[in-house]
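Welcome, and thanks for taking a look. Here is a short briefing on how the parts of this complex meet.

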2 protein chains.
Amino acid sequence: MTQNAQVSRIQRGRRTEIRRENERVILDAAEKVFAEAGYGGATMQLIADMAGLPKANLHYYFPTKEALYRQVVRNIFEIWLHAADTFDHAPGPVEGIGGYIEAKMAISRRHPFGSKVWASEVMHGAPVIQDYLETTLRDWTAGRMAVIQRWVDQGKMAPVDPRHLLYMLWAMTQHYADFGHQIETLNGGKPLTDAQWQEATETVKSVILRGIGVI
Amino acid sequence: MTQNAQVSRIQRGRRTEIRRENERVILDAAEKVFAEAGYGGATMQLIADMAGLPKANLHYYFPTKEALYRQVVRNIFEIWLHAADTFDHAPGPVEGIGGYIEAKMAISRRHPFGSKVWASEVMHGAPVIQDYLETTLRDWTAGRMAVIQRWVDQGKMAPVDPRHLLYMLWAMTQHYADFGHQIETLNGGKPLTDAQWQEATETVKSVILRGIGVI
DNA sequence: CCACAACCTGACCATCCGGTCAACATAATT
DNA sequence: AATTATGTTGACCGGATGGTCAGGTTGTGG
């Protein structure tokens, strides 16, 4: 028991390490392939090649393609939820919403594949994570709407419908990931530079913050 | 010649009518299936069933799945381009941008499948319409950016980066089509009513117009 | 009415894909 | 060292899919 506890804490086991590493490699490859080809267009063989493993090995760690896909989507969902921390402990809309925009823009830049997988999943009717939408996301949304409504009631911002404001924030920030290819093409075929990302973030922030009457 | 011209104008021919009608039915079905299943997930059999035609008939009108898909994407692109008419003949940002938001929100409601197909295509790297992005869309974007910049120079609106403002407009309006399922789920599983669409449009308009300093 | 062209479609095929499995290799345990 | 548990992989399979085609039907022009 003592030994088991120690093992699970320090993760000394070679076996555990192998499993952890392989699952990570597979999930990374899967995220990219699912994002670039869609669920239907993605093949286990493609994912295997990108992960540098034989296809049969994928099925050892993830029984089915859908199970692998489900795990990818869940991982993304977790990242998204944690992005709202700045939203919560903010004294007002300037810090709260401004910080949320910055956090989500940063995620769009760092996890473009994940954002695309999420978008794809939702666009196809959320066949895999419908229950998440109906429980976790719904609760999350209700909570943030309450925060925004409180700010409105306290006169800290213009009386904007909280629900549609949230949708606007999601739409604009995720657009830079989901439509990254289009943006890149319109940028002369080159990815946005650090300065351009900063510019995008500032533009979104300024328009929104002015739009809700806090500038 | 005279007869041909008349035929092509009035479309009397039964043959012509059959072809026109079948192509329309197939394209409508294809748009829906491509939107709901993605390119890879869509099957010619599914499209055929939805169109009420045998699969082989699809290949009579469209030689390959990709050719059919290409036509669907092109049709959508045309609709999008024509949506900017209100943008052009406007005296200032209030009418121009406000009208553009209304037009695009209306399109999102009326053509949700088309919007999703477009989003999917771009997310997967625009394998089919990359040339459109680099020519037509780029020119279109440059033109509208010039209009916005002129308004800024004339002091008709706050100095907002025209490019990112356009991206914001696209993102928000298309979000209501592309993420319609998520929005519907967060709306208690029911589609938005007329009033709710109006509310969404008004919220987007008010936040943006205030955000660019014209209210 | 005839002949030609356009349209229609059931049956078929080569290919690909997700998933399985048996045999083997390596690490952990006793 | 021996045994067991875990990880690895090439080969294989059933089913689905995009696409073909021959033979039929329907419209059209002469």
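Predicted model: local features only at pLDDT ≥ 70, side-chain atom pairs only at ≥ 80, totals over all residues.

Residues are numbered from 1 along each chain as its sequence is written, chains are lettered from A and ligands numbered from 1 in the order in which they are written, and side-chain values use heavy atoms, with hydrogens and water left out.

**Chain A with chain B**
- In this pairing, 54 residues of chain A are in contact with 54 residues of chain B (contact means heavy atoms within 4.5 Å).
- About 4600 Å² is buried between chain A and chain B, with carbon and sulfur atoms giving 65% (the accessible area, 1.4 Å probe, that two parts lose on being put together, summed over both).
- Zero salt bridges are found across this interface (a side-chain nitrogen of Lys or Arg within 4 Å of a carboxyl oxygen of Asp or Glu).

**DNA strand D**
- Of the 20 residues around DNA strand D, Y60(A), R14(B), R15(B), K55(B) and K65(B) come nearest (a residue is near if one of its heavy atoms lies within 4 Å).
- Sugar and phosphate make up 59% of the atoms of DNA strand D that come within 4 Å of the protein.
- N22(A) places a polar side-chain atom 3.1 Å from a phosphate oxygen of DNA strand D.
- Backbone N or O atoms also lie by phosphate oxygens of DNA strand D: at 3.1 Å for A42(B) and at 3.0 Å for M44(B).

Methods
Polar contact = N/O pair within 3.5 Å; in protein donor to acceptor, adjacent residues only side chain to side chain.
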